[in-house]
Amino acid sequence: MEASLLRQCPLLLPQNRAKTVYEGFISVQGRDFHLRIELPEDLQMKNARLLCSWQLKTILNGYHQIVQQRMQHSPDLMSFLMELKMVLEVALKKKQELCPPPPPPQFYSSLIEEIGILGWDKLVFVDTCLSTIKLKAEDASGRKHLITLKLKAKYPAESPDCFVDFPVPFSVSWTPQVTDQPQIGVRIAVLPITVPLSAGLVMYPCHCSWNFQIWYDTSSLISIYGQFLAALESLKAFWDVTDEIDEKTWVLEPEKPTRSATARRIALGNNASIHIEVDPKHPTMLPECCFLGADHVVKPLGIKLSRNIHLWDPENSLLQNLKDVLEIDFPARTNLEKSDFSMDCGICYSYQLDGAIPDQVCDNPQCAQPFHQICLYELLYQSISRCPCAFISSSWLLMSE
(Lines give C-alpha, C1' and ligand atoms only; values in the text may rest on other atoms or scores of the structure.)
Protein backbone atom coordinates (compact mmCIF):
# COMPACT_ATOMS: atom_id res chain seq x y z
CA MET A 1 0.00 0.00 0.00
CA GLU A 2 2.88 2.36 0.79
CA ALA A 3 4.26 2.11 -2.74
CA SER A 4 0.82 2.70 -4.28
CA LEU A 5 0.21 5.64 -1.96
CA LEU A 6 3.53 7.18 -2.96
CA ARG A 7 2.71 6.81 -6.67
CA GLN A 8 -0.81 8.24 -6.38
CA CYS A 9 -0.04 11.01 -3.87
CA PRO A 10 3.71 11.71 -3.90
CA LEU A 11 3.21 14.99 -2.03
CA LEU A 12 1.37 13.40 0.90
CA LEU A 13 3.91 12.13 3.44
CA PRO A 14 3.72 10.40 6.87
CA GLN A 15 4.52 12.63 9.82
CA ASN A 16 5.42 9.93 12.38
CA ARG A 17 6.86 6.42 12.48
CA ALA A 18 3.51 4.84 13.24
CA LYS A 19 2.18 6.39 10.06
CA THR A 20 -0.99 7.55 11.74
CA VAL A 21 -0.60 11.14 10.57
CA TYR A 22 -0.24 12.19 6.93
CA GLU A 23 0.14 15.74 5.74
CA GLY A 24 0.87 17.27 2.37
CA PHE A 25 -0.92 17.86 -0.89
CA ILE A 26 -3.37 15.98 -3.11
CA SER A 27 -3.19 16.80 -6.84
CA VAL A 28 -6.33 17.04 -9.00
CA GLN A 29 -6.60 18.62 -12.46
CA GLY A 30 -3.11 20.08 -12.13
CA ARG A 31 -3.90 21.80 -8.85
CA ASP A 32 -2.47 20.95 -5.40
CA PHE A 33 -4.65 21.07 -2.30
CA HIS A 34 -3.25 20.95 1.22
CA LEU A 35 -4.75 18.45 3.69
CA ARG A 36 -3.93 16.52 6.85
CA ILE A 37 -5.25 13.08 7.76
CA GLU A 38 -5.07 11.72 11.33
CA LEU A 39 -5.66 7.97 11.68
CA PRO A 40 -6.41 5.98 14.85
CA GLU A 41 -3.97 3.33 16.05
CA ASP A 42 -5.87 0.59 14.18
CA LEU A 43 -5.61 2.70 10.96
CA GLN A 44 -9.36 2.38 10.31
CA MET A 45 -10.67 5.19 8.11
CA LYS A 46 -14.08 5.26 9.78
CA ASN A 47 -12.48 6.81 12.87
CA ALA A 48 -10.05 9.05 10.96
CA ARG A 49 -10.00 12.84 11.00
CA LEU A 50 -9.63 14.95 7.86
CA LEU A 51 -8.32 18.52 8.07
CA CYS A 52 -8.50 20.66 4.90
CA SER A 53 -7.12 23.99 3.79
CA TRP A 54 -9.64 26.77 3.18
CA GLN A 55 -9.30 26.29 -0.60
CA LEU A 56 -10.16 22.62 -0.30
CA LYS A 57 -13.02 23.37 2.10
CA THR A 58 -14.45 25.84 -0.41
CA ILE A 59 -14.38 23.31 -3.26
CA LEU A 60 -15.86 20.53 -1.10
CA ASN A 61 -18.66 22.77 0.13
CA GLY A 62 -21.82 20.73 -0.39
CA TYR A 63 -19.90 17.46 -0.58
CA HIS A 64 -19.16 17.03 3.15
CA GLN A 65 -21.71 14.24 3.59
CA ILE A 66 -20.33 12.36 0.59
CA VAL A 67 -16.76 12.65 1.89
CA GLN A 68 -17.90 11.41 5.30
CA GLN A 69 -19.58 8.41 3.69
CA ARG A 70 -16.41 7.59 1.74
CA MET A 71 -14.40 7.69 4.97
CA GLN A 72 -16.85 5.34 6.66
CA HIS A 73 -16.77 2.75 3.86
CA SER A 74 -13.14 2.93 2.65
CA PRO A 75 -11.06 -0.06 3.91
CA ASP A 76 -7.77 1.88 3.99
CA LEU A 77 -6.17 5.27 3.38
CA MET A 78 -5.27 4.52 -0.24
CA SER A 79 -8.88 3.67 -1.12
CA PHE A 80 -10.14 6.81 0.59
CA LEU A 81 -7.69 9.05 -1.26
CA MET A 82 -8.81 7.59 -4.59
CA GLU A 83 -12.43 8.26 -3.63
CA LEU A 84 -11.54 11.78 -2.52
CA LYS A 85 -9.89 12.48 -5.87
CA MET A 86 -13.04 11.40 -7.69
CA VAL A 87 -15.18 13.69 -5.53
CA LEU A 88 -12.78 16.56 -6.19
CA GLU A 89 -12.90 15.92 -9.94
CA VAL A 90 -16.70 16.24 -9.90
CA ALA A 91 -16.65 19.30 -7.63
CA LEU A 92 -14.06 21.11 -9.74
CA LYS A 93 -15.90 20.35 -12.97
CA LYS A 94 -19.16 21.70 -11.56
CA LYS A 95 -17.40 24.79 -10.23
CA GLN A 96 -15.85 25.46 -13.65
CA GLU A 97 -19.28 25.20 -15.28
CA LEU A 98 -20.79 27.66 -12.81
CA CYS A 99 -17.79 29.98 -12.71
CA PRO A 100 -15.89 29.76 -16.00
CA PRO A 101 -12.29 30.94 -15.93
CA PRO A 102 -11.71 34.61 -16.74
CA PRO A 103 -10.77 35.49 -20.32
CA PRO A 104 -7.15 36.21 -21.23
CA PRO A 105 -5.72 39.75 -20.99
CA GLN A 106 -6.05 40.18 -24.78
CA PHE A 107 -9.83 40.02 -24.30
CA TYR A 108 -9.86 43.22 -22.23
CA SER A 109 -7.27 45.14 -24.27
CA SER A 110 -9.00 44.43 -27.59
CA LEU A 111 -12.40 45.28 -26.11
CA ILE A 112 -11.19 48.64 -24.80
CA GLU A 113 -9.69 49.35 -28.22
CA GLU A 114 -12.96 48.53 -29.98
CA ILE A 115 -15.00 50.75 -27.65
CA GLY A 116 -12.51 53.56 -28.22
CA ILE A 117 -12.91 53.27 -32.00
CA LEU A 118 -16.70 53.04 -31.67
CA GLY A 119 -16.85 56.06 -29.37
CA TRP A 120 -17.11 56.18 -25.59
CA ASP A 121 -20.12 58.50 -25.91
CA LYS A 122 -22.13 55.55 -27.21
CA LEU A 123 -21.42 53.47 -24.09
CA VAL A 124 -24.30 53.46 -21.59
CA PHE A 125 -23.29 50.64 -19.25
CA VAL A 126 -20.51 48.13 -18.72
CA ASP A 127 -20.16 45.74 -15.79
CA THR A 128 -16.98 45.20 -13.81
CA CYS A 129 -16.12 42.03 -15.75
CA LEU A 130 -16.62 43.69 -19.16
CA SER A 131 -18.97 40.85 -20.03
CA THR A 132 -22.14 42.97 -20.37
CA ILE A 133 -22.14 46.12 -22.48
CA LYS A 134 -25.00 48.46 -23.37
CA LEU A 135 -24.70 50.85 -26.32
CA LYS A 136 -27.10 53.61 -27.33
CA ALA A 137 -28.14 54.96 -30.70
CA GLU A 138 -30.71 57.29 -32.27
CA ASP A 139 -32.70 56.57 -35.39
CA ALA A 140 -33.45 59.12 -38.10
CA SER A 141 -36.52 60.33 -36.17
CA GLY A 142 -34.57 60.97 -32.97
CA ARG A 143 -35.86 57.93 -31.08
CA LYS A 144 -33.39 56.50 -28.58
CA HIS A 145 -32.56 52.78 -28.65
CA LEU A 146 -30.34 50.44 -26.67
CA ILE A 147 -28.51 47.24 -27.57
CA THR A 148 -27.23 44.94 -24.83
CA LEU A 149 -24.27 42.69 -25.61
CA LYS A 150 -23.36 39.65 -23.50
CA LEU A 151 -19.75 38.83 -24.33
CA LYS A 152 -18.44 35.30 -23.93
CA ALA A 153 -15.02 34.32 -22.63
CA LYS A 154 -13.99 33.20 -26.13
CA TYR A 155 -14.89 36.52 -27.75
CA PRO A 156 -14.22 37.29 -30.59
CA ALA A 157 -14.05 33.60 -31.56
CA GLU A 158 -17.71 33.39 -30.47
CA SER A 159 -20.41 35.89 -31.28
CA PRO A 160 -21.86 37.80 -28.31
CA ASP A 161 -25.53 37.46 -27.43
CA CYS A 162 -27.44 40.56 -28.53
CA PHE A 163 -30.64 41.87 -26.93
CA VAL A 164 -32.71 44.64 -28.51
CA ASP A 165 -36.26 45.93 -28.22
CA PHE A 166 -37.28 45.13 -31.79
CA PRO A 167 -40.58 43.80 -33.21
CA VAL A 168 -38.57 41.37 -35.37
CA PRO A 169 -35.66 39.04 -34.58
CA PHE A 170 -32.23 40.66 -34.68
CA SER A 171 -29.59 38.29 -36.04
CA VAL A 172 -26.06 39.56 -36.48
CA SER A 173 -23.61 38.50 -39.17
CA TRP A 174 -20.50 37.22 -37.43
CA THR A 175 -17.27 35.75 -38.78
CA PRO A 176 -15.34 34.03 -35.95
CA GLN A 177 -11.72 35.08 -35.74
CA VAL A 178 -9.14 32.32 -35.75
CA THR A 179 -6.29 34.45 -34.42
CA ASP A 180 -5.58 34.87 -30.72
CA GLN A 181 -6.09 38.63 -30.89
CA PRO A 182 -8.84 40.33 -32.89
CA GLN A 183 -7.76 42.32 -35.89
CA ILE A 184 -9.81 45.49 -36.03
CA GLY A 185 -9.61 46.79 -39.54
CA VAL A 186 -10.88 50.29 -40.16
CA ARG A 187 -10.53 51.80 -43.59
CA ILE A 188 -11.80 55.26 -44.51
CA ALA A 189 -12.28 56.19 -48.13
CA VAL A 190 -14.03 58.87 -50.16
CA LEU A 191 -15.15 56.42 -52.80
CA PRO A 192 -18.66 56.01 -54.23
CA ILE A 193 -21.13 53.67 -52.53
CA THR A 194 -21.12 51.36 -55.56
CA VAL A 195 -17.57 50.19 -54.83
CA PRO A 196 -17.59 46.35 -54.57
CA LEU A 197 -16.96 45.01 -51.07
CA SER A 198 -14.05 42.81 -50.17
CA ALA A 199 -14.80 39.28 -48.99
CA GLY A 200 -15.54 39.08 -45.30
CA LEU A 201 -16.05 42.83 -44.90
CA VAL A 202 -19.27 44.74 -44.32
CA MET A 203 -19.72 48.39 -45.35
CA TYR A 204 -21.78 50.87 -43.36
CA PRO A 205 -22.40 54.51 -44.19
CA CYS A 206 -20.72 56.95 -41.84
CA HIS A 207 -23.28 59.30 -40.26
CA CYS A 208 -21.22 62.46 -40.41
CA SER A 209 -20.92 65.62 -42.50
CA TRP A 210 -18.26 64.10 -44.76
CA ASN A 211 -18.86 61.59 -47.51
CA PHE A 212 -16.90 58.90 -45.69
CA GLN A 213 -17.60 55.20 -45.70
CA ILE A 214 -16.16 52.76 -43.20
CA TRP A 215 -15.43 49.07 -43.61
CA TYR A 216 -15.28 46.91 -40.52
CA ASP A 217 -14.26 43.34 -39.91
CA THR A 218 -17.44 41.33 -39.29
CA SER A 219 -16.24 40.05 -35.91
CA SER A 220 -16.18 43.17 -33.76
CA LEU A 221 -18.44 45.42 -31.72
CA ILE A 222 -18.17 47.98 -34.51
CA SER A 223 -19.70 45.52 -36.96
CA ILE A 224 -22.56 44.69 -34.58
CA TYR A 225 -23.22 48.36 -33.94
CA GLY A 226 -23.31 49.01 -37.70
CA GLN A 227 -25.83 46.20 -38.16
CA PHE A 228 -27.82 47.65 -35.25
CA LEU A 229 -27.98 51.04 -37.01
CA ALA A 230 -29.05 49.37 -40.25
CA ALA A 231 -31.85 47.53 -38.44
CA LEU A 232 -33.02 50.80 -36.86
CA GLU A 233 -33.24 52.37 -40.30
CA SER A 234 -35.28 49.44 -41.65
CA LEU A 235 -37.79 49.74 -38.76
CA LYS A 236 -38.18 53.53 -38.97
CA ALA A 237 -41.47 53.35 -40.92
CA PHE A 238 -42.95 50.88 -38.40
CA TRP A 239 -42.14 53.10 -35.42
CA ASP A 240 -43.43 56.17 -37.27
CA VAL A 241 -46.77 54.38 -37.62
CA THR A 242 -47.00 53.21 -34.00
CA ASP A 243 -45.83 56.56 -32.63
CA GLU A 244 -48.56 58.38 -34.53
CA ILE A 245 -51.16 56.01 -33.13
CA ASP A 246 -49.82 56.41 -29.58
CA GLU A 247 -49.73 60.21 -29.86
CA LYS A 248 -53.07 60.85 -31.57
CA THR A 249 -55.40 58.14 -30.20
CA TRP A 250 -56.27 56.60 -26.87
CA VAL A 251 -54.48 53.25 -26.73
CA LEU A 252 -56.12 51.00 -24.15
CA GLU A 253 -53.63 48.15 -24.50
CA PRO A 254 -50.75 47.88 -24.01
CA GLU A 255 -50.74 50.58 -21.34
CA LYS A 256 -47.05 51.37 -21.94
CA PRO A 257 -46.13 50.06 -25.40
CA THR A 258 -42.54 48.98 -25.93
CA ARG A 259 -40.66 49.33 -29.21
CA SER A 260 -41.24 45.62 -29.85
CA ALA A 261 -45.04 45.83 -29.42
CA THR A 262 -46.88 45.34 -32.72
CA ALA A 263 -50.45 45.29 -31.33
CA ARG A 264 -52.62 48.22 -30.28
CA ARG A 265 -56.15 48.30 -28.87
CA ILE A 266 -57.54 51.72 -29.75
CA ALA A 267 -60.61 53.28 -28.16
CA LEU A 268 -63.47 54.11 -30.54
CA GLY A 269 -66.03 55.39 -28.02
CA ASN A 270 -69.35 53.84 -26.89
CA ASN A 271 -67.38 51.13 -25.03
CA ALA A 272 -66.04 49.91 -28.37
CA SER A 273 -62.45 49.49 -29.52
CA ILE A 274 -60.43 48.10 -32.39
CA HIS A 275 -57.49 45.75 -31.94
CA ILE A 276 -54.89 45.97 -34.72
CA GLU A 277 -51.71 43.99 -35.39
CA VAL A 278 -49.21 46.01 -37.42
CA ASP A 279 -46.81 44.20 -39.73
CA PRO A 280 -43.29 45.56 -38.99
CA LYS A 281 -42.16 44.80 -42.53
CA HIS A 282 -45.19 46.47 -44.17
CA PRO A 283 -46.46 48.93 -41.56
CA THR A 284 -48.69 50.99 -43.86
CA MET A 285 -50.56 47.99 -45.26
CA LEU A 286 -53.97 46.96 -43.93
CA PRO A 287 -53.34 45.38 -40.49
CA GLU A 288 -55.22 42.54 -38.87
CA CYS A 289 -58.30 44.11 -37.30
CA CYS A 290 -60.66 42.91 -34.60
CA PHE A 291 -63.56 44.99 -33.27
CA LEU A 292 -64.46 44.72 -29.61
CA GLY A 293 -67.78 45.97 -28.27
CA ALA A 294 -71.52 45.58 -28.51
CA ASP A 295 -72.82 44.17 -31.80
CA HIS A 296 -74.95 47.23 -32.57
CA VAL A 297 -71.75 49.34 -32.39
CA VAL A 298 -69.10 47.19 -34.03
CA LYS A 299 -71.15 45.53 -36.80
CA PRO A 300 -71.57 48.79 -38.76
CA LEU A 301 -67.81 49.34 -38.48
CA GLY A 302 -67.14 45.88 -39.87
CA ILE A 303 -69.47 46.60 -42.78
CA LYS A 304 -67.67 49.88 -43.55
CA LEU A 305 -64.31 48.13 -43.43
CA SER A 306 -65.45 45.58 -46.02
CA ARG A 307 -67.14 48.19 -48.18
CA ASN A 308 -64.29 50.72 -48.20
CA ILE A 309 -61.27 48.43 -48.22
CA HIS A 310 -60.50 49.54 -51.79
CA LEU A 311 -59.80 53.03 -50.42
CA TRP A 312 -56.76 51.82 -48.49
CA ASP A 313 -53.70 53.67 -49.78
CA PRO A 314 -50.28 52.39 -48.59
CA GLU A 315 -48.85 55.82 -49.37
CA ASN A 316 -50.90 57.30 -46.52
CA SER A 317 -50.31 56.62 -42.84
CA LEU A 318 -52.05 53.68 -41.24
CA LEU A 319 -54.04 55.95 -38.92
CA GLN A 320 -55.30 58.09 -41.79
CA ASN A 321 -56.30 54.97 -43.72
CA LEU A 322 -58.27 53.67 -40.74
CA LYS A 323 -60.12 56.98 -40.52
CA ASP A 324 -60.96 56.93 -44.26
CA VAL A 325 -62.02 53.29 -44.38
CA LEU A 326 -64.05 53.28 -41.16
CA GLU A 327 -65.44 56.79 -41.82
CA ILE A 328 -64.73 57.86 -38.23
CA ASP A 329 -62.59 60.22 -36.21
CA PHE A 330 -60.81 58.57 -33.33
CA PRO A 331 -61.36 60.17 -29.91
CA ALA A 332 -58.66 62.82 -29.58
CA ARG A 333 -56.25 62.88 -26.66
CA THR A 334 -56.58 66.66 -26.45
CA ASN A 335 -60.32 66.62 -25.70
CA LEU A 336 -60.84 63.50 -23.60
CA GLU A 337 -59.23 61.64 -20.74
CA LYS A 338 -58.43 57.96 -20.69
CA SER A 339 -60.87 57.52 -17.81
CA ASP A 340 -63.65 58.34 -20.29
CA PHE A 341 -62.98 54.97 -21.94
CA SER A 342 -61.86 52.99 -18.90
CA MET A 343 -65.21 51.69 -17.62
CA ASP A 344 -64.99 49.16 -14.82
CA CYS A 345 -66.18 45.59 -15.21
CA GLY A 346 -69.84 45.17 -14.24
CA ILE A 347 -69.04 42.03 -12.25
CA CYS A 348 -65.77 42.62 -10.35
CA TYR A 349 -66.08 46.45 -10.43
CA SER A 350 -62.44 46.89 -11.46
CA TYR A 351 -60.80 47.98 -14.69
CA GLN A 352 -57.72 45.76 -14.71
CA LEU A 353 -57.86 42.13 -13.61
CA ASP A 354 -54.55 40.23 -13.78
CA GLY A 355 -53.41 42.70 -16.43
CA ALA A 356 -56.55 42.29 -18.60
CA ILE A 357 -59.11 45.01 -19.19
CA PRO A 358 -62.83 44.49 -20.02
CA ASP A 359 -63.17 43.14 -23.56
CA GLN A 360 -66.82 41.97 -23.61
CA VAL A 361 -69.76 44.38 -23.85
CA CYS A 362 -73.45 43.77 -23.25
CA ASP A 363 -75.39 43.86 -26.56
CA ASN A 364 -78.32 45.64 -24.96
CA PRO A 365 -78.10 49.27 -26.27
CA GLN A 366 -79.58 50.50 -22.97
CA CYS A 367 -76.80 48.74 -21.02
CA ALA A 368 -73.52 48.54 -22.97
CA GLN A 369 -71.78 47.50 -19.76
CA PRO A 370 -68.26 46.09 -20.31
CA PHE A 371 -67.06 42.89 -18.61
CA HIS A 372 -63.91 40.86 -18.25
CA GLN A 373 -64.21 37.62 -20.15
CA ILE A 374 -62.98 35.63 -17.16
CA CYS A 375 -65.61 37.29 -14.96
CA LEU A 376 -68.36 36.24 -17.37
CA TYR A 377 -67.09 32.66 -17.35
CA GLU A 378 -67.03 32.68 -13.56
CA LEU A 379 -70.57 34.10 -13.42
CA LEU A 380 -71.87 31.48 -15.85
CA TYR A 381 -70.13 28.68 -13.94
CA GLN A 382 -71.62 29.76 -10.62
CA SER A 383 -75.04 30.31 -12.17
CA ILE A 384 -75.14 26.90 -13.84
CA SER A 385 -74.18 25.20 -10.58
CA ARG A 386 -77.23 26.82 -8.92
CA CYS A 387 -80.89 26.81 -9.84
CA PRO A 388 -81.56 27.93 -13.45
CA CYS A 389 -83.91 30.61 -12.11
CA ALA A 390 -80.98 32.27 -10.35
CA PHE A 391 -79.10 32.51 -13.65
CA ILE A 392 -82.14 34.02 -15.39
CA SER A 393 -82.68 36.63 -12.68
CA SER A 394 -78.97 37.58 -12.53
CA SER A 395 -78.85 37.97 -16.31
CA TRP A 396 -81.98 40.13 -16.22
CA LEU A 397 -80.46 42.35 -13.51
CA LEU A 398 -77.27 42.87 -15.55
CA MET A 399 -79.23 43.83 -18.65
CA SER A 400 -81.57 46.18 -16.80
CA GLU A 401 -78.88 48.13 -14.92
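Contact here means heavy atoms within 4.5 Å. The structure is a predicted model, in which local features need pLDDT of at least 70 and side-chain atom pairs count only at pLDDT 80 or more, while totals for chains, interfaces and linings use all residues. Residues are numbered from 1 along each chain as its sequence is written, and side-chain values use heavy atoms, with hydrogens and water left out.

**Whole chain**

- The chain has eleven helices and 17 strands; helices (H or I, at least four residues) and strands (E, at least two) are DSSP runs, numbered from the N terminus.
- Of its 401 residues, 39% count as buried, where buried means under 20% relative accessible area, exposed over 50% and partly exposed in between (1.4 Å probe, protein chains only).
- The accessible surface comes to about 23300 Å², and carbon and sulfur atoms hold 56% of it; areas come from the Shrake-Rupley method with a 1.4 Å probe, and for residues only the protein chains shown count as cover.
- Among contacts with a separation of 6 or more, 46% join residues 24 or more positions apart.

**Thr-249**

- Thr-249 sits in the loop between helix 7 (236-248) and strand 12 (251-253).
- Thr-249 counts as buried because its relative accessibility is 0%.
- A polar atom of the Thr-249 side chain lies 2.5 Å from the backbone oxygen of Ile-245.
- Beyond neighbours within four places in sequence, Thr-249 is in contact with Ile-266, Leu-319, Phe-330, Pro-331 and Arg-333.

**Aromatic pairs**

- The whole structure contains eight aromatic pairs; rings of Phe, Tyr and Trp (its six-membered ring) pair if their centres lie within 6.5 Å, and planes under 30 degrees apart count as stacked, over 60 as edge-to-face and the rest as tilted.
- Phe-107 and Tyr-108 make an edge-to-face pair, because their ring centres are 5.1 Å apart and their planes stand at 90 degrees.
- Phe-107 is buried at a relative accessible area of 4%, whereas Tyr-108 is partly exposed at 29%.
- Phe-166 and Phe-170 are also an edge-to-face pair, at 5.7 Å centre to centre and 85 degrees between the planes.
- Phe-166 is buried with a relative accessible area of 8%, and Phe-170 is buried with 17%.
- Phe-166, Phe-170, Tyr-225, Phe-228 and Trp-239 are linked by ring pairs into a cluster.

**Surface patch**

- Val-124, Phe-125 and Leu-146 form a nonpolar surface patch with about 260 Å² of accessible area together.
- Patches are made of residues with over 30% relative accessible area and no salt bridge, with like charges joined within 9 Å and nonpolar side chains (Val, Leu, Ile, Met, Phe, Trp, Tyr) within 5 Å; a salt bridge is a side-chain nitrogen of Lys or Arg within 4 Å of a carboxyl oxygen of Asp or Glu.
- Leu-146 belongs to strand 7 (residues 144-150) and is partly exposed, at 43% relative accessibility.

Key: Polar contact = N/O pair within 3.5 Å; in protein donor to acceptor, adjacent residues only side chain to side chain.
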